[in-house]
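Reader: I'm new to this one. Can we walk through it together?
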Amino acid sequence: MEKDEERLKVIENIKTNLKDNNLNKKVELNDPIIKEEEILKKLKHFDILRRNPIKKFKRVIARNMANGYTKVFNEDTEIIGLENVKNIKTGAIITANHFSPQDSTVIRYFTNKVGKRNHLNILVEEENIFMEGYLGFLMNNCGTIPVSKNKEYMQKRFYPALKKMFKKKEFVLIYPEEEMWFNYRKPRPLKIGAYHIAAKYNVPIIPCFIEMREKKGEYEDNGFNKLKYIIHILKPIYPNNSKDPKTNKEDMRKSDYELKKAAYEKAYSKELNYEFDESDIAGLLEENEKERKEESNIIK
C-alpha cells in the first residue's frame, strides 16, 4: 500500500538525525511558529489547575472525550507489569517513549486501570496550546501543562501547579525524549527535566516502554500498518535525597534509560543500537518484507 509522502519525509529526517547523533531533535514537518509575545500572552491566562468554573466544566468534557477515545483506540492494548505500581500511594511521574500524537492514550489506558481515571496530567510544549479544533480543545482543557522557556511562568505558575498536583496524588506524564519520532521503536536518550522534578518534589518515576506490533493486513489512511500496543510498566525509580541533587537526578535518568533499553531488547529480541533499519519504524514494512529483514538479522 502506498505510504503518505509527508510521513516518508519525516522518516528521512529520522535517518539524518541518527547519522548526526541528534536523537532528541525535531523531525516533524510544518510545525507552527508562534511569536514569543503571543505565547506569553496566552500563558498569562492559562489556568493550569482549571480553577475557573468554566475551565472546570470544560475539563470534565475534555477528560470524558479523552477517556472515550482511549477506550476505542486501545481496544486490544496489553499491559504488562501492573504489579510494579501497586505500592505507589503518592503522586508520581510517568515517563514513556514518544512516537505518536496518540501514545498518551496508551498511558491513559494504563492509569485508568490503576484507579487514576481523570488524574493524569501531561506536559506539552507551549506551542501545542495554540492547536485548533478537537485536538486544540483537548490540549487546552484535558490536564495538559505547558512547558515554557519563560522563567517567570515556570517559577511562579508551572512548579507551584506541579506541587499541588503531587500533593493530590496525581500522575504527571513527561516525555524525556522531548520530540516525537513517528513510530520509532527504539528508546532514545533521556533529558534531565523529569528527574529534576522527581527529585525536587520527592516523587517516584514510573518508567514505561510501549512496544508496537503490526496488525497483519490492516492499514491506516497513511498507508502504514495498523499497530497493536503493549505497554510495559517497569519497576519504579525512587529519589534518594541522601545524594546531592545533581547525582540524585542523574542516577534516576540513567536507571530509567537502562530499564527502557532492557525492555526494548526483550520485546524485540535484539540489542539496542542507533544504526537505522527500516524495521525500526513500526508499520513501514509489509509483513513479507519484515520477515525477510528478521531472517537476514538472524543469519548475521
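Reader: Which residue is the bridge partner of Ile 93 in E6?
Author: Ile 205 is the partner. Keep in mind that this is a predicted model.

Reader: How many bridges join E2 to E6?
Author: Three, and the two strands run parallel.

Reader: What order do the strands of the sheet take?
Author: The order is E1-E7-E6-E2-E5-E3-E4. That makes seven strands in an open sheet with mixed pairing.

Reader: And which strands stand at the edges?
Author: Strand E1 (78-80) and strand E4 (144-147). Each has a single partner strand, so one side of each lacks a neighbour in the sheet. On average, neighbouring strands here are turned by 30 degrees against each other, direction ignored.

Reader: Helices now. What does H7 touch on the sheet?
Author: H7 packs against E2, E3, E5 and E6. Its direction makes about 165 degrees with that of E2.

Reader: Which residues of H7 are buried?
Author: Within residues 193-201, these are Ala 194, Tyr 195, Ile 197, Ala 198, Ala 199 and Tyr 201. Their cover includes strand E5 (171-174), helix H6 (151-167) and helix H8 (245-268), among others.

Reader: What follows H7?
Author: Asn 202, with a positive phi near 55 degrees.

Reader: Switching to the surface. Which residues form a nonpolar patch there?
Author: Tyr 69, Met 131, Tyr 134 and Leu 135. Together they have about 370 Å² of accessible area.

Reader: Where does Met 131 lie?
Author: In the loop between strand E3 (120-125) and helix H5 (133-141).

Reader: Why does Met 131 count as partly exposed?
Author: Because its relative accessibility is 35%.

Terms used:
Residues numbered from 1 in each chain as written. Predicted model: local features only at pLDDT ≥ 70, side-chain atom pairs only at ≥ 80, totals over all residues. Heavy atoms only, no water. Patch = residues over 30% accessible without salt bridge, like charges linked within 9 Å, V, L, I, M, F, W, Y side chains within 5 Å. Areas by Shrake-Rupley, 256 points an atom, 1.4 Å probe, with all protein chains shown as cover. Salt bridge = Lys/Arg side-chain N within 4 Å of Asp/Glu carboxyl O. Helix = DSSP H or I, 4+ residues; strand = E, 2+ residues; numbered from the N terminus. Buried < 20%, exposed > 50% of the residue type's maximum accessible area, 1.4 Å probe, protein only. Contact = heavy atoms within 4.5 Å. Pairing = 2+ DSSP bridges. Axes fitted to C-alpha atoms, helices over the stretch in contact; angles between N-to-C directions.
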